[in-house]
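Thanks for coming, everyone. Please have the viewer open, and I'll walk you through this one.

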Amino acid sequence: MVIDYRKFFVITETDRKLPLILETIGYEREQLHYVREEGYPCFHWLQTISGSGEILLESGPVKLNERQGMLLAAGVPHSYIVPEAPWSTWYLTFDGALAASIVHALEIPLGATISWGADTPLATIHEYYYHKYRDSHDFTGTNGSFEIYQFLTLLKKHGIRNKSASFSQSHERLLPLLLELEQNY
């Protein structure tokens, strides 16, 4: 069983030159109501592990159910609303010299709901980080940068936006056609 955890990482001047910098990771079995009038100073990912809650943005409320999350850019004002407790969440915050460029290049939408299947690594990522955090303390520097990039690529690979197929599902459907083209043409 995963228990609540929260880890803030010390960021050095050398780290600030890295493309991605891991700032925090955490899991809360009972997400509380928060108001961030100035937003959060880094990119901020929040996903629902169980239950449901809402993120209130300037454009209105967005409900996050199980296996759904949202990436917010730095400085986006938002609040968490917990209509039915408990709402269990996992979060990750990051920055870096190329953070915005990498998020843009991977075409990860900001401020939009992203979903994924129960059989993907995203469904149990809070457990992965709990065990990794418990067994290792080295999330700084290039190791932290790697963790963020790995997470973002999982999101790109398994994330579903607007009920369309994820990148990996689209690729799997096209694979027989691509193999046929390669072998015969």
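**Rings, cores and spaces**

Let's start with the rings. This structure holds 10 aromatic pairs. Keep in mind that this is a predicted model.

Y34 is in strand β3, residues 34-36, and Y80 is in strand β7, so the pair ties together parts that are 46 residues apart in sequence.

Buried or exposed, what is Y80? Y80 has 3% relative accessibility. The cut-off for buried is under 20%, so Y80 counts as buried. Y34 is another story. Its relative accessible area is 29%, and that makes Y34 partly exposed.

Stay on Y34 for a moment. What sits over its ring? The charged end of R36 does, 5.2 Å from the ring centre.

There is also a cluster of rings to find. W45, W90, W116, Y128, Y129 and F151 form one aromatic cluster.

Now step back to the overall layout. The protein has four helices and eight strands. Going along the sequence, the pattern reads β-β-β-β-β-β-β-α-β-α-α-α. There are 185 residues, and 43% of them count as buried. Next, the contacts with a separation of 6 or more. Of these, 72% are between residues 24 or more positions apart.

On to the inside. In soluble globular proteins, nonpolar side chains tend to be buried together. Here, the largest nonpolar core has 32 residues. Which residues have the most contacts inside it? They are W45, W90, L92, F94, F151 and L152. Several elements each supply at least two residues of this core: β2 (21-28), β4 (43-57), β7 (78-95), α1 (99-105), α2 (125-135) and α3 (141-158). Helix α3 gives the most, with five residues.

F94 is then in contact with L20, I21, L22, E23, C42, F43, L71, A99, V103, I148 and L152.

A second, separate core has 10 residues. Among them are I55, Y80, W87 and Y91.

S50 is in strand β4. With 26% relative accessibility, S50 counts as partly exposed. What does S50 touch, apart from its neighbours within four places in sequence? It is in contact with E66, P86, W87 and S88. Look at P86 in particular. S50 and P86 are 36 residues apart along the chain, and their C-alpha atoms are separated by 7.9 Å.

The other residue is V62, in strand β5, residues 60-64. V62 has a relative accessible area of 18% and is buried. Again leaving aside neighbours within four places in sequence, V62 is in contact with G53, E54, I55, L57, M70 and T113. The C-alpha atoms of V62 and Y80 are separated by 9.7 Å, and the two residues are 18 apart along the chain.

The largest cavity has a volume of about 50 Å³. It is lined by 13 residues, and D15, I21, L22, T140 and G141 are the closest to its centre. Elements β2 and α3 each give two or more residues to that lining. The largest share, three residues, comes from α3.

Then there are pockets. The second largest pocket holds about 170 Å³ of space. Which of its 13 lining residues lie nearest its centre? R6, E28, Y34, R36 and Y91 do. Here Y34 and R36 turn up together again, now in a pocket lining. The elements giving two or more residues to this lining are β1 (5-8), β2, β3, β4 and β7. Strand β7 has the largest share, with three residues.

To close, go back to where we began. Over to you for questions.

How values were computed: Residues are numbered from 1 along each chain as its sequence is written. This is a predicted model: local features need pLDDT of at least 70, side-chain atom pairs count only at pLDDT 80 or more; totals for chains, interfaces and linings use all residues. Side-chain values use heavy atoms; hydrogens and water are left out. A nonpolar core is a set of buried Ala, Val, Leu, Ile, Met, Phe, Trp, Tyr and Cys residues joined through side-chain atoms within 4.5 Å. Buried means under 20% relative accessible area, exposed over 50%, partly exposed in between (1.4 Å probe, protein chains only). Contact means heavy atoms within 4.5 Å. Rings of Phe, Tyr and Trp (its six-membered ring) pair if their centres lie within 6.5 Å; planes under 30 degrees apart count as stacked, over 60 as edge-to-face and the rest as tilted. A charge sits over a ring if NZ of Lys or CZ of Arg is within 6 Å of the ring centre and within 35 degrees of the ring normal. On a 1 Å grid over the protein atoms alone, a cavity is a set of points where a 1.4 Å probe fits but cannot get out, and a pocket is an open set with protein on both sides within 12 Å along at least five of seven lines; lining residues have an atom within 4 Å of a point. Grid points are joined across faces, edges and corners, and a volume is the space filled by probe spheres set on the points.
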